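Take a look at the model below. We will go through a sheet and the helices around it.

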Amino acid sequence: MEEVLTNPKAGFYINRDIFGAEGDFITSPEVSQMFGEMVGVWAMCLWEQMGQPKRVNLVELGPGRGTLMADLLRGASKFKNFTESLHIHMVECSPALQKLQHQSLKCMDEENTSEGVDKRSLSTLAGTPVSWHATLEQVPFGLPTIIIAHEFYDALPVHQFQRGSRGWCEKMIDVTEDSSFRFVLSPQPTPATLYLMKRFKWAVPKEVEKLNQIEVCPKAMDLTSTLAKRIGVDRGGALIIDYGLNGVVSDSLQAIRKHKFVNILDNPGSADLSAYVDFASIKHSAEEASDDVSVHGPITQSQFLGSLGINFRVEALLQNCTDEQAEALRTGYWRLVGDGEAPFWEGPEEQVPIGMGIRYMAMAIVNKKQGIPIPFQ
């Protein structure tokens, strides 16, 4: 899964712009500016709870085109105390997407050509310094840190296990004689079995009894414990928004090409792979990694955005806009907070906006000293 998505030569994310209507899928920031604005409200509230520190790392994992961060900065640009405290860190492994993010944030490059120093720019949206890194580990320690992971966890590689006569065996990929791929079961325990055992330890027995297949995501567990340790020491918090379940995930790995589901093994590297996020596993990973953090949620995206005031924002935006913009705002709003097909839709049936408000969930990991983050009270 990791190879298919991030192989330096043939990886799905590496060479192309795959977001938006022309690409392979549409994410919340591409649907409406209000998404990034609300995440900005959340980040600002967290910064207030932290005691308005003078210097903060604002980190985004897998920022796509950079739309979320651009909307966040535009929305927050009036709050100078907040934006002046920020140093933005974009964690992105794709050079093509780094370029797009650079454009979205309207960056000017600093004259720093010395080898081994990460590229640093200034975003003209709010006068904020921006740096790019291939991994979270490269983001400097020692400052309070706010981390945003929107639709990042769902692309982390999962391992699938199947229950058989020999107990739980990992599903692996094999090459057939005619050089096509097929699924097989591993004859012996695999390294990921350790993570499966850990997941069983956290599960309620009846959650697992009825399952014949189970997915675990070692990278998600490890990433979460890295986040939690950093937040425990440096203060701050992480916001995770994604689609998934608050419990054991059985079989959710899927491939999407041009907005349609396709076979996972069909022409690897040409389709996006993703899997449901196991929010319960994220919670346990964070709590096990640090005694200094608390985990809140998950709540639905609809509750999250609603409590942050997206309905007031949409009303304000509707006050001064054209009919066409009003239509776009209404459908964008429905997609972010609605559930299922939009009841007000009068256009072509195949274009009816589908709400992501219930399928997507939000979870926060924060330093305990800061109290309960908004809007998880």
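Contact here means heavy atoms within 4.5 Å. Keep in mind that this is a predicted model. Start with helix α7, which lies across β7, β8 (167-175) and β10. The helix runs at about 105° to β10.

Now turn to the strands themselves. Strands of a sheet pair through backbone hydrogen bonds, either parallel or antiparallel. In this open sheet of 4 strands, the pairing is antiparallel. The order reads β9-β8-β7-β10. Which strands stand at the edges? They are β9 (181-185) and β10 (213-216). Each has a single partner strand, so one side of each is left without a neighbour in the sheet. From one strand to the next, the twist averages 35°.

Follow β10 to its partner. Strand β7 (residues 159-164) pairs with β10 in the antiparallel sense, over 4 bridges. Find Gln162: its bridge partner in β10 is Gln213.

Return to α7 for its helix partner. Two packed helices are described by the angle between their axes and the distance between the axes. Helix α7 (residues 193-202) packs with helix α10 (residues 279-289) at an angle of about 95°. Their axes are 11 Å apart. Angles of 65 to 115 degrees count as roughly perpendicular. α7 and α10 are therefore roughly perpendicular to each other.

Which residues make this contact? From α7 come Lys198, Arg199, Lys201 and Trp202. From α10 come Ala280, Ser281, His284, Ser285 and Glu288. The residues of this contact divide into 4 charged, 3 polar and 2 nonpolar.

Terms used
Residues are numbered from 1 along each chain as its sequence is written. This is a predicted model: local features need pLDDT of at least 70, side-chain atom pairs count only at pLDDT 80 or more; totals for chains, interfaces and linings use all residues. Side-chain values use heavy atoms; hydrogens and water are left out. Axes are lines fitted to C-alpha atoms, for helices over the stretch in contact, and angles run from 0 to 180 degrees between N-to-C directions. Helices (H or I, at least four residues) and strands (E, at least two) are DSSP runs, numbered from the N terminus. Angles under 35 degrees count as roughly parallel, over 145 as roughly antiparallel, 65 to 115 as roughly perpendicular and the rest as oblique. Ala, Val, Leu, Ile, Met, Phe, Trp, Tyr, Cys and Pro count as nonpolar, Asp, Glu, Lys and Arg as charged, and the others, Gly among them, as polar. Two strands pair if DSSP finds at least two bridges between them.
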